[in-house]
Amino acid sequence: MSFTLAIVGRPNVGKSTLFNRLVGKKLALVDDQPGVTRDLREGAARLGDLRFTVLDTAGLEDATDDSLQGRMRRLTERAVEMADASLFLIDARAGITPNDQMFAEILRRSGRPVILGVNKAEGRQGEAGVLEAYALGLGEPIALSAEHGEGMGELAVALAPLI
Ligand code: GDP
Ligand code: MG
């Protein structure tokens, strides 16, 4: 059975952008199209020499504010349970939010391997966010730009010993 990595984090941090980069745009469903977004998307990922299965947590786009937190929590717990390891994404430009703290708590409690990725870290605007991420207590953050393909080598280095 293939090693499975769950990409988790609150909406808009860039999970689907990274998923599409790892899987290849042609194989992935186009995000944000009404009717095609499911709660969990699975794809065959390629990162350098590594091959693994990747999960994208979605299906939260239509949630109201009231239901969003609970749904995020349940969906994330499910994805983390299904996976061998998780990649927790936060947004370098937004800094750490209360919802990020909630995810960090779920991940710490899971006792499973977690890689902390700070996305949207391209350019100087991202530097403060990367430093701030150490405070989550989930180890050394990896600076990523899913959109521009930055940090993919570092991600592979963090992932390789787990696979
Ligand atoms: P998701 O809700 O976590 O799946 O986030 P999406 O992948 O849908 O991305 C949310 C928004 O962030 C989109 O407008 C993306 O274009 C943007 N985004 C994703 N990755 C990056 C990145 O590395 N840098 C910047 N600046 N924007 C990004
Ligand atoms: Mg998404």
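1. In what follows, contact means heavy atoms within 4.5 Å, and this is the sense in which one element is said to cover another. The model under discussion is predicted. With that in mind, what covers the buried residues of helix H1, which spans residues 15-23, includes strand E1, strand E2 (40-47), strand E3 (50-57), strand E4 and helix H5 (152-159).

2. Helix H1 itself is mostly covered, since seven of its nine residues are buried, and the buried residues are Lys15, Ser16, Leu18, Phe19, Asn20, Leu22 and Val23. Just after this helix, Gly24 takes a positive phi of about 100 degrees.

3. As to the overall layout, the protein chain has five helices and six strands, and, read from the N terminus on, these elements follow the order β-α-β-β-α-β-α-β-α-β-α. Of the 163 residues in the protein chain, 49% count as buried. Among contacts with a separation of 6 or more, 67% are made by residues 24 or more positions apart.

4. Strand E4, residues 85-91, deserves a paragraph of its own, for it is mostly covered, with seven of its seven residues buried. Ala85, Leu87, Leu89 and Asp91 point one way from the strand, while Ser86, Phe88 and Ile90 point the other way, and the residues of both sets are buried.

5. Strand E4 also has pairing partners to report. Strand E1 (residues 4-8) pairs with E4 in the parallel sense over four bridges, and within that pairing the bridge partner of Val8 is Phe88 in E4. Strand E5 (residues 114-119) likewise runs parallel to E4, to which six bridges join it, and here Ile90 stands opposite Val118 in E5. Together with helix H3 (residues 98-110), strands E4 and E5 make a right-handed β-α-β unit.

6. Leaving aside neighbours within four places in sequence, the residues in contact with Asp100 are Arg10, Phe88, Ile90 and Gly95. Of these, Phe88 and Ile90 belong to the set that points the other way from E4 than Ala85, Leu87, Leu89 and Asp91 do.

7. The antiparallel part of the model that I would point to is formed by E2 and E3, which pair in that sense over eight bridges. Leu40 stands opposite Thr57 in E3. The two strands form a hairpin with two residues between them, and Gly48, in the turn, has a positive phi of about 60 degrees.

8. Turning to ligand 1, which residues are the closest to it? There are 15 residues around ligand 1, and the closest are Asn12, Lys15, Thr17, Glu122 and Glu147. Helix H1 gives the most to this shell, with three residues. An N or O atom in the side chain of Glu122 is 2.7 Å from a nitrogen atom of ligand 1, whereas for the side chains of Lys120 and Glu147 the ligand atom concerned is an oxygen, at 3.1 Å from an N or O atom of Lys120 and at 2.6 Å from one of Glu147. Taken alone, ligand 1 exposes 580 Å², of which the protein buries 77%.

9. Asn12, one of the residues closest to ligand 1, lies in the loop between E1 and H1, and its phi is near 80 degrees, a positive value in a residue other than glycine. Asn12 counts as exposed because its relative accessibility is 63%, the cut-off for exposed being over 50%. Lys120 lies in the loop between E5 and helix H4 (127-132), and Lys120 too has a positive phi, of about 65 degrees, although it is not a glycine. At 23% relative accessibility, Lys120 counts as partly exposed.

Terms used: Residues numbered from 1 in each chain as written. Chains lettered and ligands numbered in written order. Predicted model: local features only at pLDDT ≥ 70, side-chain atom pairs only at ≥ 80, totals over all residues. Heavy atoms only, no water. Buried < 20%, exposed > 50% of the residue type's maximum accessible area, 1.4 Å probe, protein only. Pairing = 2+ DSSP bridges. Right-handed = clockwise from strand over helix to strand, strands pointing away. Near = heavy atom within 4 Å. Polar contact = N/O pair within 3.5 Å; in protein donor to acceptor, adjacent residues only side chain to side chain. Areas by Shrake-Rupley, 256 points an atom, 1.4 Å probe, with all protein chains shown as cover.
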